[in-house]
Amino acid sequence: MTMRETWVVGAASNRFGKMKESAREAATRVSMEAIRSSGLEPKDIGHTFVSNAFGISEHQAHVGPLINGGLGIPEVPSATIESACSSSSAALHEAFVHVAGGFEDAVLVVGAEKLSHLDTLAATSYFAIGADYPFESKNGATFPGLYATLATAYEHTFPTRPEMLGAIAIKAHANGARNPHAHFQKEITMETYLNSPMIASPLRLYDCCPFSDGAAAVVVASKEFMKKPAQEPLVIRASVRTGSITEMQDRPDLLGLPSTRAAAAKAFRQAHMEPKDIDFLEVHDCFTIAEILALEDMGFFPRGTAGKESLEGVTTRDGKLPVNPSGGLKAKGHPVSASGASQVVEVFEQVNGLAKSRAVPKNDVALTHNVGATGGSCSVHIFSRR
Ligand SMILES: CC(C)(COP(=O)(O)OP(=O)(O)OC[C@H]1O[C@@H](n2cnc3c(N)ncnc32)[C@H](O)[C@@H]1OP(=O)(O)O)[C@@H](O)C(=O)NCCC(=O)NCCS
């Protein structure tokens, strides 16, 4: 089958953090902004893929028709795509398949989440249903606890200093401070990091992403449909989804996520690229240890070395390999279903000169990596300029 060249042609995000509006209202608003930024109109959209994993906490499911109704296109089909924290990058993959396969010319992808009406206990309990409920969550395992288990396994195998994780948190906050979409827009020091409370040993407060509200949307369209793109499009060079064992007790090792390894390997094959071809990345840093695992799993650094490289500044905005110039999930925030789409918003803003003081030195090729829960699912996308 011949695939059509497929682009991201528009993108928009609100500021993550605390929203007054519902997920549905925010999703509708950012969708309209994303469509406008592409130069298209709502009537050009052939299908909408929505992600809103915890809509049930707002007593709202089947949100796609409501968003399309708000956009004035109630007749357009929609579907809700759920893949835990990787929901909207799974939705992006569906959009890619529809457009590259010739089924639609333009597709809207939107992810939104509202959690601020829940306290930490309630939000943690909702999130925990994304793990293995009978074995993990029901017995008290939370995501900070599960990622702390991964961090402990890593620390037992490779020499790891707290400052290595701290360097990742400091970098995230430094980038978030330059991102108007970010939940946390303040820098932190190593002292602040080291003195922050232990949440699930060895993870401190600043190792964790926060609970955030937020919405992000992108428009995907075929090259042939976009006669005159309004902005510099992102060519989708690879769009890959993978799965792997969710249950941590059944995994052969805890030194990485098999779904990330598989997704990155396949994405590099699809794009005919290697890690050295990537100018910057947005990776899934729900906890600082996750960034280390992701960079090693995808082959950017040898096993056991990403912490040292981070401490030496290799992944800062002006380092050799900028990672998470947006601030990442750690500082930009993690409104679960919006996170994958918001990684693409960051790439779009970098390429279109909208990243201003957080611009990376080179932005011809970028990779986004988004994980569902502790790796039961994963998406990797590679984008380039035309
Ligand atoms: C880390 C965590 C437990 C903190 O929750 P908490 O102790 O209830 O914190 P609160 O909401 O009461 O906030 C207390 C302060 O810490 C700040 N804060 C909360 N979470 C933070 C985080 N992750 N990073 C930095 N600061 C944070 C708040 O802004 C607040 O600051 P303020 O006093 O200046 O207003 C919670 O953010 C968490 O569980 N995060 C992980 C979410 C998760 O698992 N996501 C899924 C990933 S797979």
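In what follows, a contact means heavy atoms within 4.5 Å. Helices (H or I, at least four residues) and strands (E, at least two) are DSSP runs, numbered from the N terminus. The model is predicted: local features need pLDDT of at least 70, side-chain atom pairs count only at pLDDT 80 or more, and totals for chains, interfaces and linings use all residues. Residues are numbered from 1 along each chain as its sequence is written, and side-chain values use heavy atoms, with hydrogens and water left out.

**Overall fold**

The protein chain has 12 helices and 11 strands. Its radius of gyration, 19 Å, is close to the 21 Å that the globule rule gives for 386 residues, so the chain is as compact as a globular protein of that length. The radius is taken over C-alpha atoms, and the rule is 2.2 Å times the number of residues to the power 0.38. Along the principal axes, the C-alpha atoms fill a box of roughly 55 × 45 × 40 Å. Among contacts with a separation of 6 or more, 78% join residues 24 or more positions apart.

**Helix α4**

Helix α4 spans residues 120-128, and its buried residues are Ala123, Thr124, Phe127 and Ala128. Seen down the axis of α4, they fall within an arc of 135 degrees, so they line one face of the helix. The arc is that of the directions from the helix axis to the C-beta atoms. An α-helix has 3.6 residues a turn, so residues three or four places apart point the same way. The buried residues of α4 pack against α5 (143-157) and α12 (336-351).

| Residue | Element | Relative accessibility |
|---|---|---|
| Glutamate 296 | helix α9 (residues 288-297) | 5% |
| Isoleucine 382 | strand β11 (residues 377-384) | 0% |

Leaving out residues up to four places away in sequence, glutamate 296 touches Tyr154, Phe301, Pro302, Arg303, Gly304, Thr305 and Ala306. With the neighbours up to four places away again left out, isoleucine 382 touches residues including Val235, Ile236, Phe268, Met273, Ile278, Val365 and Leu367. Isoleucine 382 and glycine 319 are 63 residues apart in sequence, and their C-alpha atoms are 20 Å apart in space.

Key: Buried < 20%, exposed > 50% of the residue type's maximum accessible area, 1.4 Å probe, protein only.
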